[in-house]
Amino acid sequence: MSSFVGVVVSDQWLQSQFTQVELRGLNSNFLSARNQSGKVTLGDLPPVMCKLKAFQDILSGDDIKAILRESSSDMTEEIDFESFLRAYLNLQARATEKKGDSKTSSSFLKATTTTLRHTISESERASYVSHINSFLRDDPFLKDFLPIDPSSNQLFDLAKDGVLLCKLINLAVPGTIDERAINTKNVLNPWERNENHSLCLNSAKAIGCTVVNIGTQDLIEARIQLLADLNLRKTPQLVELVEDSKEVEELMSLSPEKVLLKWMNFHLKKAGYKKEVTNFSSDLKDGEAYAHLLNTLAPEHGTTSTLDTEDPTERANLILEQAEKLDCKRYVTPKDIVEGSANLNLAFVAQIFQHRNGLTADTKKLSFAVMMEDDAQTSREERCFRLWINSLGIDTYVDNLFEDVRTGWVLLEVLDKLSKGLVNWKHATKPPIKMPFRKVENCNQVISIGKELNFSLVNVAGNDIVQGNKKLILAFLWQLMRFSMLQLLKNLKFHALGKEITDADILNWANSKVKSAGRRSQIESFKDKNISSGKLFLELLSAVEPRVVNWSLVTKGKTDEDKKLNATYIISVARKLGCSIFLLPEDIIEVNQKMMLTLTASIMSWSLQKKTENSESNPAEIGGSDASPAATPDGDIVSTTSEVEKEVEQER
């Protein structure tokens with residue numbers, strides 16, 4: 001069994017949507033769709049998809065063709081296996097919707113080819129369009145396409161090339177994407193469009209968007225941007241909501257939505273409002289909470305007429321008139337308030353918070369809040385591991401890493417996601433956990449599994465996690481992330497001749513790859529200070545995909561500013577290729593050894609995956625290890641799987 005290698009997909013989330021049996025079956029169907037030229041196009045898919053059990057008697061060939069045309073009008077467009085899988089998921093969601101099963105609906109960006117035409121309400125679409133028209137109207141590239149008409153499908157057509165989505169991510173968290181890496185030609189070919197979508201998806205994960213079963217609220221409505229200030233780092237005045245150090249710790253562990261609710265209830269209590277708002281839907285329908293909140297935050301615009309009216313729609317109109325005086329009307333209509341639209345109410349409350357939070361700067365409390373902050377290195381590592389965990393698609397969403405892992409349940413979910421069968425769920429307790437010893441039991445199992453995986457856990461016990469020992473938690477998570485990377489590389493047949501991969505193998509692969517491309521950069525280790533210039537990674541990225549680096553944009557990397565420009569470009573180019581990474585430019589500049597290893601391993605995984613896919617998709621190479629190399633349309637030589645193993649063994 002140890003020699004078995006399944007069908008490997010570079011996108012971890014995409015692979016998690018299928019069992020190995022399903023992947024092997026779908027891979028066979030994908031290969032059967034090849035035309036005489038040995039390629040697979042969108043036009044080749046309908047007859048193949050019609051035969052699949054998931055669509056039989058539900059979607060006709062014409063239905064499938066029409067759905068595929070929503071993603072691209074060019075049915076001669078060539079696709080790869082991952083695009084085939086995403087098209088399958090999109091069709092599966094449409095088939096489920098056609099059957100009338102509302103439990104599973106097509107989700108935005110579940111695949112790079114999906115659209116939103118069938119899932120978004122007119123109110124939400126109008127709100128999203130208003131947001132885009134307002135905030136991106138001066139963008140040098142998009143200004144020629146704006147304003148968008150909310151009554152048309154222009155929004156979806158503009159989103160197809162991925163540029164708009166990349167711009168929205170930078171609007172939410174400035175600097176996430178180096179815009180020099182975005183393909184912004186007026187007409188993009190399929191590969192350039194896919195690169196933009198890869199850049200968008202991987203960058204979305206890097207700022208905390210829920211890319212697994214992603215909802216429309218995460219990107220199009222700029223949820224991340226609206227909630228970005230709802231933490232003590234950005235708005236230390238939030239400390240006014242609590243009384244002591246214990247409550248500050250609890251506040252730091254809350255999700256932005258819960259902080260927003262806590263803020264709202266804080267002001268409502270001061271206003272004498274007796275009810276507690278627990279959601280952004282039913283609790284806000286009657287408009288009373290909004291009326292009290294606005295009267296408290298903006299007494300200069302206060303009025304009693306809002307509460308005096310009995311009609312909810314009329315009250316909602318008066319609320320928006322009052323909010324407009326604070327420039328806070330963009331996201332909702334009276335109908336949205338009365339119907340309890342959770343997404344749009346969340347956006348509206350967040351907008352009110354941004355314009356008038358009503359909090360004071362208590363210097364004593366502010367200084368105490370500053371003392372609660374972690375050092376920069378710990379904060380960056382916490383961010384990296386938190387985002388990585390959320391990208392895996394486990395059931396629990398992690399808002400505060402050090403707090404959320406203390407029950408042990410999150411770590412058990414991660415271990416189970418990385419390797420089924422590791423966790424004994426009969427001996428695990430799901431939160432909320434009232435009895436402390438149950439948390440210790442969960443964490444003891446986590447440590448026990450870690451030891452089975454040969455993690456370095458000397459003198460570490462489950463209670464260390466329960467107590468929230470940050471140093472030990474970060475050390476364990478690093479070993480967990482490293483295990484995940486090595487497993488992926490192992491599945492890509494890097495373990496030729498039965499040898500396990502080591503950090504040195506990854507380092508040697510990078511140096512060898514750069515050297516084979518005729519470049520000169522070499523590093524002695526992942527803490528080599530020469531890494532800070534960015535030259536090694538730019539040459540490595542160029543070696544695995546020559547066209548992906550625009551050398552005219554690369555600096556010499558001698559000054560701090562030049563190093564940062566290179567570092568941001570490296571991260572965006574890697575994500576553009578399809579690497580799911582969570583490091584920051586500072587990690588490259590300061591040469592964070594752990595992050596340098598993860599970045600290199602991600603590039604290596606992408607490179608080997610690309611070789612394996614090219615080998616398997618070429619008919620001349622299906623015959624086995626004796627098959628000859630084949631030339632790509634560009635004249636490059638593609639190695640077979642066995643040749644990949646030989647290359648790896650030579651690099652050892």
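Is Asn459 buried or exposed? Asn459 is exposed, at a relative accessible area of 77%. Here, exposed means over 50% relative accessible area, buried under 20%, and partly exposed in between (1.4 Å probe, protein chains only). The model is predicted: local features need pLDDT of at least 70, side-chain atom pairs count only at pLDDT 80 or more, and totals for chains, interfaces and linings use all residues. Residues are numbered from 1 along each chain as its sequence is written, and side-chain values use heavy atoms, with hydrogens and water left out.

The protein contains 30 helices and two strands. Helices (H or I, at least four residues) and strands (E, at least two) are DSSP runs, numbered from the N terminus. Of the 652 residues, 54% count as buried. The accessible surface is about 29,500 Å², and carbon and sulfur atoms account for 48% of it. Accessible areas come from the Shrake-Rupley method with a 1.4 Å probe; for residues, only the protein chains shown count as cover. Contact means heavy atoms within 4.5 Å. Among contacts between residues at least 6 apart in sequence, 62% join residues at least 24 apart.

Backbone geometry was examined next. Most residues other than glycine have a negative phi, and most peptide bonds are trans. Asn459 has a positive phi, near 60°. Asn459 sits in the loop between H22 and helix H23 (462–466). Val591 also has a positive phi, near 55°. The loop that holds Val591 runs between helix H28 (585–589) and helix H29 (593–617). Val591 is buried, with a relative accessible area of 8%.

Two cis peptide bonds are described here. One joins Leu146 and Pro147, with omega about 5°. Pro147 lies in the loop between helix H6 (122–135) and helix H7 (154–159). Another runs from Pro431 to Pro432, with omega near 5°. Pro432 is placed in the loop between helix H21 (409–418) and helix H22 (436–452).

Helix H21 itself is largely enclosed by the rest of the structure, because eight of its 10 residues are buried. The buried residues are Trp409, Val410, Leu411, Leu412, Glu413, Val414, Leu415 and Asp416.

The axes of helix H13 (residues 288–297) and helix H15 (residues 312–324) come within 10 Å and cross at roughly 25°. H13 is therefore roughly parallel to H15. Axes are lines fitted to C-alpha atoms, for helices over the stretch in contact, and angles run from 0 to 180 degrees between N-to-C directions. Angles under 35 degrees count as roughly parallel, over 145 as roughly antiparallel, 65 to 115 as roughly perpendicular and the rest as oblique. The crossing of H13 past H15 is left-handed, meaning that the near helix is turned anticlockwise from the far one by less than a right angle. H13 contributes Glu288, Tyr290, Ala291, Leu294 and Asn295 to the contact, and H15 contributes Arg315, Ile319, Gln322 and Ala323. By class, five of these residues are nonpolar, two polar and two charged. Ala, Val, Leu, Ile, Met, Phe, Trp, Tyr, Cys and Pro count as nonpolar, Asp, Glu, Lys and Arg as charged, and the others, Gly among them, as polar.

Cys50 belongs to helix H3 (residues 45–50). Cys50 is partly exposed, with a relative accessible area of 25%. Leaving aside neighbours within four places in sequence, Cys50 contacts Gln56, Ser60, Gly61 and Ile64. The C-alpha atoms of Cys50 and Asp63 are separated by 9.6 Å, and the two residues are 13 apart along the chain.
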